[in-house]
Amino acid sequence: MYDRTSLSGLEEDIRIVSKTWFRHEQHESVEQFLCSLPLTYFTFDAHDRYGGTTRYGVDTLFRLFVLKECYGWSHETPLAEYLAYNPEICEQLGLGTIPDQSTLWRSWNKRFTVDLRRTVETAARTILIKAQNADVDIPREPERRLPPYGDEVNEPAPDDQAILNEAATITDHVSRVVFPAFSLDRGEGCEIHENAYWDLQTYLGLRERLAANEGARSFIHESTRDRTPLGHAHRDQIRDLSIAEIREMYRQAVNRLLDEVAETEQFFRAGIVAIDITEADPFTGDRTGYEDEIIGTKEKTDEYAYQWATVQLVGNAVPIVLDARPVRKGETRLEIVEDLLDSAEDLVHVDNVLMDREFDSQHILEMLSQGGLSYVVPKRMQTSEKAQAKRLLQRDQDRYETDRKLHLGNNEWHETTLIYRRKENSEHDDHRQYSVFMSNRGSGHLTEYGYRWEIESGYKSIKRFMAATTSKDFGLRFFYFAFACLLYSIWRAVDLLVQVELTGEYEHSPMVTADNTLTLLKKETGIG
């Protein structure tokens with residue numbers, strides 16, 4: 001994805017290496033990381049204004065200036081004094097002599113390009129954040145925001161062009177960070193670059209209901225690549241991926257995406273998640289031999305469809321899909337929830353779980369409570385709930401709470417709270433005016449259930465990003481859904497980063513549209 005002179009590549013390498021390095025229990029020093037950071041592969045010459053032989057190499061000076069930025073020193077004198085009092089650091093950096101203040105000043109202001117200076121600042125902030133996340137002592141508190149891309153925009157209400165300009169830069173950066181998490185096991189000597197397959201998959205998401213064969217034919221003419229895959233070749237490569245491989249690549253990509261947004265103070269890796277199941281369009285063909293994969297619909301009609309489950313950040317957080325998985329016949333809702341929660345908790349700290357009434361199961365609720373999680377789940381109204389709702393209606397009471405024990409079997413019980421809430425402007429005049437929710441934290445969390453609508457609106461966008469197919473291949477179908485979830489998550493992450501960069505705040509209503517992001521991804525992946 002990068003050449004050896006790419007500063008974006010260098011920044012990404014520092015981000016990945018620092019995150020892993022500081023996780024080691026014996027790595028407790030920012031200075032030691034700077035001394036250990038591999039830089040010999042990087043070609044600094046393209047960013048060095050000096051020609052010929054010099055006493056100090058740019059790579060060594062790069063480490064020194066990252067150190068200066070980590071401490072937040074505004075002048076070179078404190079850096080020179082620090083080196084004088086820390087000979088062991090000088091030795092590890094290979095400094096035969098300590099550069100004086102004037103040499104450091106000239107190197108920074110005359111020798112380093114503007115872009116290289118900006119990379120120094122970005123690298124220092126990244127190192128501080130990764131160290132702080134690993135509970136390592138740091139010289140100063142980092143600013144959890146991205147540096148300005150281009151000129152600062154001070155207007156409180158950026159115009160459309162400013163938004164698109166910022167989105168273009170950030171989309172380019174994010175796509176270079178995220179897409180390398182996907183890979184194909186194709187062996188050596190392939191004529192078509194692997195990235196062309198991901199470019200084609202992105203291209204298929206640009207237009208609604210575009211299938212691989214038709215999309216590949218158009219892609220040949222619109223791509224700037226010399227060689228692009230044909231539709232059947234593209235599908236063959238995707239079919240070779242197992243469900244487990246697709247999910248692992250997806251999780252790696254989302255983890256990279258979260259690392260990007262986590263560098264802003266507007267995003268924290270904690271919050272509310274929603275778990276839900278969506279279904280593809282009804283399947284009208286012959287499903288013989290595929291009955292375990294093309295299952296019934298959620299509404300229990302006589303139709304059949306593929307089903308996919310997701311766990312997504314909701315609430316005040318940016319609505320990124322943390323994980324996705326297929327739903328097969330015979331799998332319990334408990335298995336699905338446990339699986340998705342395990343993935344989510346590897347990526348973020350989960351406080352509260354929101355689910356639809358199809359997850360109305362005392363065993364799921366008990367599992368969540370045992371894990372220290374709060375939940376809000378609608379309850380299907382049985383005879384006793386209907387009777388209580390009728391009594392509330394007679395008393396003209398809008399809200400009611402009562403404790404309830406749900407039987408788990410073997411004389412074990414799950415304790416929960418039932419919360420009856422009257423719907424405003426209900427079309428019904430009987431007990432159906434009321435909804436019943438279950439929560440292990442009382443009614444205080446009930447208002448959060450309104451956040452669940454985000455996952456439904458998210459599904460509409462995700463399906464907009466999906467390539468069309470008539471194939472029954474389960475892996476191919478799931479990959480199309482998972483990749484669409486990734487495109488959706490990239491859009492929402494780019495929107496957050498653009499809003500923070502241009503306004504310093506994050507509003508949940510997108511500033512960047514989905515179409516903007518897909519169009520920009522189209523440009524950045526070499527299409528058109």
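User: How does H16 pass H17, in a left-handed or a right-handed crossing?
Analyst: The crossing of H16 past H17 is right-handed. Bear in mind that this is a predicted model.
User: At what angle do those two helices pack, and how far apart are their axes?
Analyst: Helix H16 covers residues 453-464 and helix H17 covers residues 474-503. They pack at an angle of about 115°, and their axes are 8 Å apart. H16 is therefore roughly perpendicular to H17.
User: Which residues make the contact?
Analyst: From H16, Gly458, Tyr459, Ser461 and Ile462. From H17, Phe481, Ala484, Cys485, Tyr488 and Trp491.
User: How do they divide into nonpolar, polar and charged?
Analyst: The contact of H16 with H17 has 7 nonpolar residues, 2 polar ones and no charged ones.
User: What about H12 and H13, at what angle do they pack?
Analyst: Helix H12 (residues 243-261) and helix H13 (residues 333-347) pack at about 35°, with 10 Å between their axes. The crossing of H12 and H13 is right-handed.
User: Which residues meet there?
Analyst: H12 brings Arg247, Arg251, Val254, Asn255 and Leu258. H13 brings Asp339, Leu340, Ser343 and Leu347. By class, the contact of H12 with H13 has 4 nonpolar, 2 polar and 3 charged residues.
User: Switching topic. Where is Gln312 found?
Analyst: Gln312 lies in strand E4, which spans residues 307-314.
User: Why does Gln312 count as buried?
Analyst: Because its relative accessibility is 0%, and buried means under 20%.
User: What is Gln312 in contact with, leaving aside neighbours within four places in sequence?
Analyst: Its contacts are Ile272, Val273, Ala274, Pro319, Ile320, Val321, Leu322, Glu454, Ile455 and Tyr488. Among them, Tyr488 belongs to H17 and is part of that helix's contact with H16.
User: On to H4. Which of its residues are buried?
Analyst: In helix H4 (residues 77-85), Leu79, Ala80, Tyr82 and Leu83 are buried. These residues cover an arc of only 160° around the axis, so they sit on the same side of H4.
User: What do the buried residues of H4 pack against?
Analyst: Helix H2 (30-36), helix H3 (58-71), helix H5 (87-92) and helix H6 (101-111).
User: Now the whole chain. How many helices and strands are there?
Analyst: The protein chain has 18 helices and 10 strands. It has 528 residues, of which 52% count as buried.
User: And of contacts between residues at least 6 apart in sequence, what share join residues at least 24 apart?
Analyst: In the protein chain, that share is 66%.

Definitions and conventions: Residues are numbered from 1 along each chain as its sequence is written. This is a predicted model: local features need pLDDT of at least 70, side-chain atom pairs count only at pLDDT 80 or more; totals for chains, interfaces and linings use all residues. Side-chain values use heavy atoms; hydrogens and water are left out. Helices (H or I, at least four residues) and strands (E, at least two) are DSSP runs, numbered from the N terminus. Buried means under 20% relative accessible area, exposed over 50%, partly exposed in between (1.4 Å probe, protein chains only). Contact means heavy atoms within 4.5 Å. Axes are lines fitted to C-alpha atoms, for helices over the stretch in contact, and angles run from 0 to 180 degrees between N-to-C directions. Angles under 35 degrees count as roughly parallel, over 145 as roughly antiparallel, 65 to 115 as roughly perpendicular and the rest as oblique. A crossing is left-handed if the near helix is turned anticlockwise from the far one by less than a right angle, and right-handed if clockwise. Ala, Val, Leu, Ile, Met, Phe, Trp, Tyr, Cys and Pro count as nonpolar, Asp, Glu, Lys and Arg as charged, and the others, Gly among them, as polar. The arc is that of the directions from the helix axis to the C-beta atoms.
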